[in-house]
Amino acid sequence: IRDVAVTGVQTCALPISKGFLEKTTKRENKLAFNEVFHFSKWVLLSYFATVIASRLDIFLISRYRGQEQVGIYSAALQLSLLLPLLIGSMTTVLLPLVSKYNKKAEFISYIKKYIAAAVAIIIVCIPILVASPFLIKLIFGSKYDDSILIFQILFIAYLPSIIANPISLIVFSINKPKSLTIINYFQLALAVTLNVLLIP
C-alpha cells in the first residue's frame, strides 16, 4: 500500500504545463469546434461512401443473379476480406505517426519506406492466392468451386490498397480531408456504374 501511495504522489508531482488550468475563451472554443466539425464532416461523408460501396455488390448480385450466385460470391468475399482487415489495422497504427509530419521531406521519406514495406507484404500474400483452390475447398467444400476464381479476382483487386490506403493518410495530415471525400464519391459512382453494367 505504501509503495502504491508513493507512486501516486510521484505521478501527481510530474511537471504540468502552465496553461493546463487556464480557462479558454468562447472565441477559442468556437474556433476549435469549427475546425473539428469541418474536418469531421468530410470524414463522415467518406465513411458513408465507403460503406455503400462495400455493400453494393451483394445487393446488385442478389437483384440481377439470384441467391445462389450471392452464396458463391459471399464465400469468396469472406475470405478476401482478410486483406481489408489487414489494411485497416495498418491504417490505425500508421495514422498517429503520419499525423506528426508537416514537412515535405518527412512525407517523401514515409512514402519510400512504406512502399518498400507494402511490396514485401504483397509478396508474402501471394502464397494465399496460389493456395486459394485448396483453402476454399477445405473451408467451404467442393460445391463452392465457382468461388475460387471470384476470390482470386477480389484478392488481386485489394492488393493495390495495401499501398494506396496508408499513403492516403497524408491527406489527413495536411488537413485536406475534402480531397479524399471527393475521391471516395468518384469511386462510388464508378462502382455503381460498373456493377450495373457488368453484373447482368
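In this predicted model, helix α5 spans residues 104-130, and its axis comes within 13 Å of the axis of α4. The two axes cross at roughly 160°. An angle over 145 degrees counts as roughly antiparallel, so α4 is roughly antiparallel to α5. The crossing of α4 past α5 is right-handed.

Which residues of α4 and α5 meet? On the α4 side they are L83, L86, M90, L94 and V98. On the α5 side they are F107, Y110, Y114, I121 and C125. By class, this contact has 10 nonpolar residues, with no polar and no charged ones.

The loop between α4 and α5 holds Y101. Leaving aside neighbours within four places in sequence, Y101 is in contact with E106, F107, Y110 and S173.

Next come α3 and α7. Their axes are 8 Å apart and they pack at an angle of about 40°. That value makes α3 oblique to α7. The crossing is right-handed. From α3, the contact takes I72, Y73, A75, A76, L77, L79 and S80. From α7, it takes S147, I150, F151, L154, F155 and Y158. The contact divides into 11 nonpolar and 2 polar residues, with no charged ones.

The axes of α2 and α8 come within 8 Å and cross at roughly 10°. Angles under 35 degrees count as roughly parallel, and α2 and α8 are therefore roughly parallel to each other. Their contact has 17 nonpolar, 5 polar and 2 charged residues.

| Helix pair | Axis distance | Axis angle |
|---|---|---|
| α4 and α5 | within 13 Å | roughly 160° |
| α3 and α7 | 8 Å | about 40° |
| α2 and α8 | within 8 Å | roughly 10° |

The largest pocket holds about 2200 Å³. Lining it are 47 residues, and the closest to its centre are T50, A53, S54, Y158 and S161. Which elements give two or more residues to this lining? They are α2 (26-65), α3 (67-80), α4 (82-99), α7 (147-173) and α8 (177-198). By class, the lining has 32 nonpolar, 12 polar and 3 charged residues.

Notes: Residues numbered from 1 in each chain as written. Predicted model: local features only at pLDDT ≥ 70, side-chain atom pairs only at ≥ 80, totals over all residues. Heavy atoms only, no water. 1 Å grid on protein atoms, 1.4 Å probe; cavity = no way out; pocket = protein on both sides within 12 Å on 5 of 7 lines; lining within 4 Å. Points joined across faces, edges and corners; volume = space filled by probe spheres on them. Helix = DSSP H or I, 4+ residues; strand = E, 2+ residues; numbered from the N terminus. Nonpolar A, V, L, I, M, F, W, Y, C, P; charged D, E, K, R; others polar. Axes fitted to C-alpha atoms, helices over the stretch in contact; angles between N-to-C directions. Parallel < 35°, antiparallel > 145°, perpendicular 65-115°, else oblique. Left-handed = near helix turned anticlockwise from the far one by under 90°. Contact = heavy atoms within 4.5 Å.
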